[in-house]
Amino acid sequence: MPIYNFKCTKCNEEFKRVAKVGTDEIECKACKEVAKRVFSGECNTYTPGNPTGRVRKGAGASQK
């Protein structure tokens, strides 16, 4: 799941939150009003748990 940047429309609080792809609005953690997604140019993702264990094949795969 991606980590998005949000800014509250009421209190101007800025924060990051893990959210579903395409989430544009979320509840502000400070005042509980609507916070809108802002674009910062960063691209961060959060992958819970361990790697999938899949073997990478093709370009970029390790040569053994």
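The predicted model contains five strands and zero helices. Read along the sequence, the order is β-β-β-β-β. The chain has 64 residues, and 17% of them are buried. Its accessible surface comes to about 5,400 Å². Carbon and sulfur atoms account for 49% of that surface. Contacts between residues at least 6 apart in sequence were also examined; 32% of these join residues at least 24 apart.

Nonpolar side chains were considered next. In soluble globular proteins, such side chains tend to be buried together. The largest nonpolar core in the chain has seven residues. Its members are Tyr-4, Phe-6, Cys-8, Phe-15, Ala-19, Cys-28 and Ala-35. Strand S1, residues 2-8, gives the most to this core, with three residues.

Thr-23 sits in the loop between S2 and S3. Is Thr-23 buried or exposed? Its relative accessibility is 17%, so Thr-23 counts as buried, because the cut-off for burial is under 20%. The side chain of Thr-23 reaches back to the backbone oxygen of Lys-20, at 2.7 Å. Beyond its neighbours within four places in sequence, Thr-23 is in contact with Tyr-4, Phe-6 and Arg-37. The third, Arg-37, takes part in a salt bridge.

Charged pairs were then searched for. Side chains of opposite charge can pair when their charged atoms come close. The whole structure holds three salt bridges.

Arg-37 forms a salt bridge with Asp-24, and their closest N and O atoms are 3.7 Å apart. This pair links distant parts of the chain. Arg-37 belongs to strand S4, residues 34-38, whereas Asp-24 lies in the loop between strand S2 (14-18) and strand S3 (25-27). The two residues are 13 residues apart. Both ends are partly exposed. Arg-37 has a relative accessible area of 21%, and Asp-24 has a relative accessibility of 47%.

A second salt bridge joins Glu-25 to Lys-36, with the closest N and O atoms 3.0 Å apart. Glu-25 lies in strand S3 and Lys-36 in strand S4, so this pair ties together parts that are eleven residues apart in sequence. Glu-25 is partly exposed, at 45% relative accessible area. Lys-36 is also partly exposed, at 40%.

The remaining pair is Glu-14 with Lys-7. Their closest N and O atoms are 3.9 Å apart. That separation counts as a salt bridge because the cut-off is within 4 Å. Glu-14 is exposed, with a relative accessible area of 56%. Lys-7 is partly exposed, with a value of 33%.

Which residues other than glycine have a positive phi? Asn-12 is one of them, with phi near 65°. Asn-12 is placed in the loop between S1 and S2. With a relative accessible area of 49%, Asn-12 is partly exposed. Lys-32 also has a positive phi, about 70°, although it is not a glycine. Lys-32 is found in the loop between S3 and S4.

Definitions and conventions. Residues are numbered from 1 along each chain as its sequence is written. This is a predicted model: local features need pLDDT of at least 70, side-chain atom pairs count only at pLDDT 80 or more; totals for chains, interfaces and linings use all residues. Side-chain values use heavy atoms; hydrogens and water are left out. Helices (H or I, at least four residues) and strands (E, at least two) are DSSP runs, numbered from the N terminus. Buried means under 20% relative accessible area, exposed over 50%, partly exposed in between (1.4 Å probe, protein chains only). Contact means heavy atoms within 4.5 Å. Accessible areas come from the Shrake-Rupley method with a 1.4 Å probe; for residues, only the protein chains shown count as cover. A nonpolar core is a set of buried Ala, Val, Leu, Ile, Met, Phe, Trp, Tyr and Cys residues joined through side-chain atoms within 4.5 Å. A salt bridge is a side-chain nitrogen of Lys or Arg within 4 Å of a carboxyl oxygen of Asp or Glu. A polar contact is a pair of N or O atoms within 3.5 Å; within protein, one must be able to donate a hydrogen and the other to accept it, and residues adjacent in sequence count only if both atoms are side-chain atoms.
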